[in-house]
Structure formats: structure tokens, C-alpha cells
Amino acid sequence: MEQRPIIATELLRGQGLGNQLFCYVTARCIAMRNNCDYSILGSETLANNIHSQCGLYFMDLEFGVPAEKKDFSRVYHEREDRLYVANSRHDIEHGAYITGTDETLLNLNADGVRENVLAYGNMQSEDYYLPYKDEIRQWLRVKPEYDCYEYSQDDLCVIHLRCTDYMDSPELFLEKKYWIHGMENMKKINPAMRFMIITNDVREAQKLIPGVAAYNFDLARDYAIIKNAKYLLLANSSFTYFPAFTSTTVKKIIAPKYWARHNVSDGYWASEQNIYEGWTYQDRQGRLFSAEECREELARYKKDSPVYAGRNQPIADGEKERAYRRAQCYYRRYRLSRYWHAAKRKIRRVFSR
């Protein structure tokens, strides 16, 4: 039998589990689409990162054909589009990542060139993998001994709140009003809705949303609780994507509109890849939008926005000082807001004694 070409990716140690699963799933699905074998390099780093040092002990993943980097005649990096705007130090220097689907990545080897390709990138567009949802559910099946349905209840919404590693980035960290709006929207579905928080920082979560129980279980339990929830109010974090995507119980998912730039966007998405079918997206005023409405709005923005027209063009050196001043004003407002909320918490504690 003729040996088939290989499409592969490499899991990197600096990636979070969600990012690693996106690369894993996308590489397998693109290989299937292009009638190729697949290979996953760097499998030893899976979940040995910010989430855990125990590996992905609650799943049995297959890693395809054994291969090394020297086995690949071509290395392909997913296309990147960036928007250089004065919302943060990161976006001034590196640009906000706004990329959509990369058609070349989607169709690797579709032209009949039989070569082994090692692909790198964000790889989070559902165009890469959506036709293979049933297969993905099997690949990412949680072992029965680690599955958890204890919190799969019709009157319970699971909130995933990303704290510590986002808190120094005001363009990224979701402020209290996002969560309050989200809880209000969930209560429109069921006025008796209860809430619990899954988070990487219980102490900060309790400060942000006092009165709601917050938990940081082990990696498997956090993942399984999100997977089996009936209602999800999510942060802009890739960790929650695949438990939500493979769920057979979830009825409603609310996530931040504009994803990683919910707080500052004037219409762009960071990134466009994070608009997902079946999800509901909430804007800064608490209004809800379907994925299709978000795509239609983004299409208009890309057509009409002079900001978007300047994508991939770094800010000129002569303009950077003014850009940094603007970003600094935003950072200052963010810090003052946190100080104000901290002061209010202290006052409440004094008067509650």
C-alpha cells in the first residue's frame, strides 16, 4: 500500500491546554479532510503547563504516526492578521490578533502535492474541524472515572472566570459588569437560576463576584464540570472551548463579544476565529447576539472601517508616544476602578460586622 503523506503539528510547552487541544484537533481534522495521515509532535507537553503538571491523565488521546521534525519537507505557519491600535502596550507593539480562517491551512495537500507538512498556528477556526464533531467527541472522551455530572442541573449556570494571568491586561480581563450582565441574562431563562464559579483563582473570583461559590478543583474535574453543565457563562479563554463543544447537555452558552478585546473593540474581533456556531455573545451593554449576527456585523466592519483597512500596518515610530499616552489613560482608569471596588468591599465588611 502506498504510504500517505503526513500532516502534523507540534504541541508547545508555553501553550495552555485549550490552545494545545485546538492544535491537536485541527491537525487531525485537516489530515482527514486531505486524505493524509496525522502526527502530533511534542505530546509529552500536553497539559504540562499553566493548568497542570500531571499531563492529560483523564483522556486517552492518540498521537498518530510517530514522526520527528526532520521527517517534514515543509513547515507551514498559519496566516496571521494583526491590528495595531492604541488600546494596550501589547497591541501597540505586537498588534491584536484578528485572524480568520486560513484557506491554505484548511486545504494542505489538497492540490495533490504529496509531501509531509508540519503546521503551526492558532488553529481555532471552526471551519477547520466542524464537520468532524462526532469524531472529536470520541477523541476527547473523558474517562468514566473522571467524569462528573454532579453540577449538571437545570437551574444551575457554571461560570468560568479567568483571573490571575489576565488581571494585568485591562484590554483582556473581563470586568465585573460583564459577569453581572451575564447572570441577569441567564436569569431571564430561569428566574431561579443559581450560579457557581470554576476559576484559576478562587480568592480573586470571590472579590469580583461576591456571594457566588467559587472552586478550583483538579484539572479533570474542572473540565468535566464545564463539559456537563446545562448553562455556561464563559470567559474569553480557550480552556473551556472543547468541553463546551463536545457537551451533550449544554443548553445555553454566553461568551464575550469580540472575545479577547471585549473591553475595547470598536467592532473587530480578537480573533475572528472565536465566533462559534450555537454560541451567544454578549456586548458591553449586556445585549446578546447570535454567531450569525456577529459574523454579519463583522463583515460590515471589515468593509467600512478605516481601522480595519490599516491592519498589519505597525504604528509609525512618530505616533507611538501618543499611542502609549492613550493606552496609559486606559490602564489608569482600570487601576482606579479596581481600587474603588476594593475600597467598597472594605466598607461593606466594616458595616457588616
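Is serine 238 buried or exposed? In this predicted model, serine 238 is buried, with a relative accessible area of 14%; the cut-off for buried is under 20%. Serine 238 lies in the loop that connects strand 10 (231-233) with helix 8 (241-245). Leaving aside residues up to four places away in sequence, serine 238 touches Gly18, Asn19, Phe22 and Gln124. With one of these, asparagine 19, there is a polar contact between the two side chains, at 3.2 Å.

The largest nonpolar core has 104 residues, and the members that touch the most other members are Tyr129, Leu140, Trp179, Phe242, Trp279 and Tyr281. Helix 1 (residues 17-33) supplies the largest share of this core, ten residues. Not counting residues up to four places away in sequence, tryptophan 179 touches Ile159, His160, Leu161, Leu174, Leu208, Ile209, Leu233, Leu234 and Ala235.

Five of its six residues are buried, so strand 8 is largely enclosed by the rest of the structure. Strand 8 pairs with strand 7 (residues 156-161) in the parallel sense, over six bridges. Within this pairing, leucine 161 stands opposite threonine 199 of strand 8. Strand 7, helix 5 (residues 176-189) and strand 8 together form a right-handed β-α-β unit. Strand 8 also runs parallel to strand 9 (residues 214-215), and two bridges join them. Here isoleucine 197 has alanine 214, in strand 9, as its bridge partner. From strand 8 the chain passes through helix 6 (residues 202-208) to strand 9, and this β-α-β crossover is right-handed as well.

The cysteines come last. A disulfide is a covalent bond between the sulfur atoms of two cysteines. How many disulfides does the structure hold? The number is zero. For cysteine 23, the nearest cysteine sulfur belongs to cysteine 29 and is 12 Å away. Cysteine 23 counts as buried, at 2% relative accessibility.

Definitions and conventions
Residues numbered from 1 in each chain as written. Predicted model: local features only at pLDDT ≥ 70, side-chain atom pairs only at ≥ 80, totals over all residues. Heavy atoms only, no water. Core = buried A, V, L, I, M, F, W, Y, C linked by side-chain atoms within 4.5 Å. Buried < 20%, exposed > 50% of the residue type's maximum accessible area, 1.4 Å probe, protein only. Helix = DSSP H or I, 4+ residues; strand = E, 2+ residues; numbered from the N terminus. Contact = heavy atoms within 4.5 Å. Disulfide = S-S within 2.5 Å. Polar contact = N/O pair within 3.5 Å; in protein donor to acceptor, adjacent residues only side chain to side chain. Pairing = 2+ DSSP bridges. Right-handed = clockwise from strand over helix to strand, strands pointing away.
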